[in-house]
Amino acid sequence: MEKAELIKTLKALVGEKSTEKDAVYEFIVDKAWETVCNYCRIDTVPEKLKNTLLSMCVDMYRMESYGEEQPEGFVKGITEGDVSVTFGANSNTADNPPAAFLKDYASQLNRYRKAGW
């Protein structure tokens with residue numbers, strides 16, 4: 001499985017047609033690739049984990065707002081008298097640690113995980 005192919009597929013999945021953010025997509029694929037390899041204690045990602053890796057990439061792209069100048073936060077509170085809006089942090093902060101992110105993919109990754117000593 002080649003990273004160039006993964007980047008091309010990732011761009012298609014998120015609806016990107018330009019080449020402006022190619023470095024961002026390359027970073028996301030590399031980060032997901034490293035996460036899978038580190039979690040499974042393997043040197044390369046097996047072909048059968050391609051779709052899982054791509055799903056991780058799409059989730060990372062959306063959750064961590066890569067490529068955005070100002071990451072979008074969620075609305076935490078609204079006050080109507082004298083109008084006040086409070087925004088929470090985006091999802092890549094303490095509300096969403098890496099362990100919680102991996103939990104969504106653990107069942108697929110555990111099949112390829114090697115025992116560590």
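Predicted model: local features only at pLDDT ≥ 70, side-chain atom pairs only at ≥ 80, totals over all residues.
Residues are numbered from 1 along each chain as its sequence is written, and side-chain values use heavy atoms, with hydrogens and water left out.

Let us start with the whole chain. Its secondary structure comes to five helices and two strands, where helices (H or I, at least four residues) and strands (E, at least two) are DSSP runs numbered from the N terminus. Reading from the N terminus on, the elements run α-α-α-β-β-α-α. The chain has 117 residues, and 32% of them count as buried; buried means under 20% relative accessible area, exposed over 50%, and partly exposed in between, with a 1.4 Å probe and protein chains only. Contact means heavy atoms within 4.5 Å. Among contacts between residues at least 6 apart in sequence, 61% join residues at least 24 apart.

Now turn to helix 2, which covers residues 22-40. This helix has 19 residues and reaches 27 Å from its first C-alpha to its last, close to the 27 Å expected at 1.5 Å a residue. The expected span of a helix is 1.5 Å times one less than its number of residues. Buried residues of helix 2 include Tyr25, Ile28, Val29, Ala32 and Trp33.

Helix 1 (residues 3-14) is one partner of helix 2: their axes come within 9 Å and cross at roughly 115°. Two packed helices are described by the angle between their axes and the distance between the axes. Here axes are lines fitted to C-alpha atoms, for helices over the stretch in contact, and angles run from 0 to 180 degrees between N-to-C directions. Helix 1 and helix 2 are therefore roughly perpendicular to each other, since angles under 35 degrees count as roughly parallel, over 145 as roughly antiparallel, 65 to 115 as roughly perpendicular and the rest as oblique. Their crossing is right-handed; a crossing is right-handed if the near helix is turned clockwise from the far one by less than a right angle, and left-handed if anticlockwise. On the helix 1 side, Lys3, Leu6, Ile7, Leu10, Lys11 and Val14 take part, meeting Asp22, Tyr25, Glu26, Ile28, Val29, Asp30 and Trp33 in helix 2. Sorted by class, this contact has eight nonpolar, no polar and five charged residues. In this sorting, Ala, Val, Leu, Ile, Met, Phe, Trp, Tyr, Cys and Pro count as nonpolar, Asp, Glu, Lys and Arg as charged, and the others, Gly among them, as polar.

Helix 3 (residues 50-64) also packs with helix 2, their axes coming within 9 Å and crossing at roughly 120°. That angle makes helix 2 oblique to helix 3, and helix 2 passes helix 3 in a right-handed crossing. Residues of helix 2 that meet helix 3 include Tyr25, Ile28 and Val29, and among their partners in helix 3 are Leu53, Met56 and Cys57. By class, the contact of helix 2 with helix 3 has eleven nonpolar, one polar and two charged residues.

What lies between these two helices? The loop there holds Arg41 and Pro46. Arg41 follows helix 2 and has a positive phi of about 60° although it is not a glycine. Arg41 is partly exposed at a relative accessible area of 41%, and Pro46 is also partly exposed, at 26%. Pro46 and Tyr112 are 66 residues apart along the chain, yet their C-alpha atoms are separated by 8.4 Å.

Cys37, in helix 2, counts as buried at 8% relative accessibility. Not counting residues up to four places away in sequence, Cys37 touches Ile42, Asp43, Thr44 and Val45. Its C-alpha atom is 8.8 Å from that of Arg113, 76 residues apart along the chain.

Finally, back to helix 3. Its 15 residues should span 21 Å at 1.5 Å a residue, and its end C-alpha atoms are 21 Å apart, which agrees. Thr52 is buried there, with a relative accessible area of 12%. Leaving aside neighbours within four places in sequence, Thr52 is in contact with Tyr105, Gln108 and Leu109. Just after helix 3, Ser65 takes a positive phi of about 50°.
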